[in-house]
Amino acid sequence: HTSSQSLSAPIPARGDMSLRDKARDGSKTAQQQTASWTDWTLLFCFFLFPTLSMYDGSSIGALLPSLQQYFGTSDSATASLKTFMSLAHSIGLALMWLFGDMLPKRTTFYSAVGLWIVFSFASVVVNENQFWLFVIFRSAQNLFVEIATLSVAVFQADRFKGRMLPLSIMCTQFGIFVGGPISSTVNAFFVSSGNWKVALAIAPTILIPSAILTSFFLKSTESQAANRCASILSSALGMLRSKAYIFLMIGQSLGMFFAMSISFWVPSLTLDAFEAFPNTFAGFSYPAVMSIISNIGVVGTVLSLPMVAYLSKTIESGTGIFRCLPSTDLVMPITVVVVGIVPKLCYFGEITFISVNFPISVVCFFFEGFVNILLGVIMQQMLINLAPAHRRASAISLIRLVEAVVRIPASQLIGWLSDLFHGDETTSESRYYSLRNALLCIWVVYWLTTVFYLLLARYYRQDIAKARESERRHAMQSTPLLSRTSSVISGKYDVISIAS
């Protein structure tokens, strides 16, 4: 019956087949873009996890005066809390880099979330003589926070397709941006009241219903068993064969290096400028100036969300203003190169105009927040595209691990350059100029990110093709032999039918 149908059906021309394939691909894309209420619920939960992670991490810094008063610790002992938490953060990244793709995703995620909650509550029941126990609990909590948030990034790529993927990434990026400012605002109340234990219990309390709600919808997402790699190194180092991935990692690490330098030294730079050039700030007090600088970026981020949602959809499909490009695969890296110029100019304006024209500096802070979330969404999408599904945990963990290592000396290097520039001068004006010049030296190096993103664009298309081929081979190896044999036999009969 199949042979007679094949004989009677006309053989389509090459052009007709192409149109039909395009129509089929378009219908698949439309189906992928149809989101159910389950998808929207998961999207909201995936937004909460990184938001609570940033909130919880920022709470320690905001509550530091209350912690010192409660435990009676010196500054050096209190600083050890941040050191051990940073060490735990790096250990969590390293563990996920080495073993993340070998472990069952859902089990790993819920184990990490459960231990995150346990150690969070354990840290608020210690008494005033147990500071080092508090350090241990918060460090362990930080380790499992990192494992949980990395698992969320992997679940995003596995669960969402079409326009839902960039939308989900945008929500998590937004949560990362606003988690810190929300923490500073909320914890300011608890610092004044002295009830730091309630402040640290907020995040795990919200986390419990979020984890329970997510568990109802992630049951069917783990379609693959744990990845059985031949060795740990073959899984951990597999992504280093991708040139585009390496250039993306170098570009993001350089960007993080400069961003950490700016975020750490902006308060000192602003204070020196405020003391040396008070007339520039139009009568605002220093707390008011810092409040404006801290919140204007968040305002820019919030106002950019509709634009980011629209551009993410058009970038993914290569439509709208991106139709002129020869290939949709080039849209993302070229957008990163072009749009990435904006924050570089904004950083220059923030550094130089803070002492000359405060409103211009505020505008620069606004556009930095306006643009950075778009770049974060696109770069996360590129990372997902470059990483095969069975290596996503290692790929995401390795980039974050390298970023964490690279940004460690960032603040120290700026401080060393600033001391070198101002010498024995101790006036506010000399401190401002020396710190400004130190930041400008690093700002020049920051432009190297453009070079690496151009190299990324050069290899992006072919490395995406290699990633898809690696996924196909891995799927074939994971499929039972009987199923593969049946598929091959079925494919042979289809070929014979078409030939006849």
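This is a predicted model: local features need pLDDT of at least 70, side-chain atom pairs count only at pLDDT 80 or more; totals for chains, interfaces and linings use all residues.
Cys346 counts as buried, with 7% relative accessibility. A disulfide needs the two sulfur atoms within 2.5 Å. The structure as a whole holds zero disulfides.

Cys346 is one of the buried residues of helix H14. That helix covers residues 341-353, which makes 13 residues. From its first C-alpha to its last, H14 reaches 18 Å, close to the 18 Å expected at 1.5 Å a residue.

The next helix to look at is H15, residues 358-386. H15 has 29 residues and reaches 42 Å between its first and last C-alpha, close to the 42 Å expected. Of its 29 residues, 25 are buried, so H15 is largely enclosed by the rest of the structure. Ile378 is found in this helix, and Ile378 is buried, with a relative accessible area of 1%. In sequence, Ile378 and Leu311 are 67 residues apart, while their C-alpha atoms are 9.7 Å apart in space.

The protein has 20 helices and zero strands. It has 500 residues, and buried residues make up 49% of them. Among contacts with a separation of 6 or more, 84% are between residues 24 or more positions apart. The accessible surface comes to about 24,000 Å², and 66% of that area belongs to carbon and sulfur atoms.

Thr214 gives a detailed view of a buried position. This residue is placed in helix H9, residues 196-215. With 0% relative accessibility, Thr214 counts as buried. Leaving out residues up to four places away in sequence, Thr214 touches Leu42, Cys45, Phe46, Phe49, Phe109 and Tyr110.

Leu95 is placed in H5 and counts as partly exposed, at 35% relative accessibility.

Charged side chains are the last topic. The count of salt bridges comes to 10. In one of them, the side chains of Arg431 and Asp272 meet, at 3.3 Å from N to O. Arg431 lies in helix H18 (residues 428-446) and Asp272 in helix H11 (residues 243-276), so this pair ties together parts that are 159 residues apart in sequence. Arg431 also meets the side chain of Glu275 in a salt bridge, at 3.5 Å from N to O. This second pair again links distant parts of the chain, with Arg431 in H18 and Glu275 in H11, 156 residues apart. Which of these side chains are buried, and which are partly exposed? Arg431 counts as partly exposed at 30% relative accessibility, and Glu275 counts as partly exposed at 43%. Asp272, in contrast, is buried, with a relative accessible area of 8%.

Glu469 forms a salt bridge with Arg472, and the closest N and O atoms are 2.7 Å apart. Both residues lie in helix H19 (residues 448-478), three residues apart, which is about one turn of the helix. Glu469 is partly exposed at 30% relative accessibility, and Arg472 is partly exposed at 46%. Elsewhere, salt bridges that share partners join Lys105, Asp158, Arg392, Arg468 and Glu471 into one network.

Conventions: Residues are numbered from 1 along each chain as its sequence is written. Side-chain values use heavy atoms; hydrogens and water are left out. Helices (H or I, at least four residues) and strands (E, at least two) are DSSP runs, numbered from the N terminus. Buried means under 20% relative accessible area, exposed over 50%, partly exposed in between (1.4 Å probe, protein chains only). The expected span of a helix is 1.5 Å times one less than its number of residues. Contact means heavy atoms within 4.5 Å. Accessible areas come from the Shrake-Rupley method with a 1.4 Å probe; for residues, only the protein chains shown count as cover. A salt bridge is a side-chain nitrogen of Lys or Arg within 4 Å of a carboxyl oxygen of Asp or Glu.
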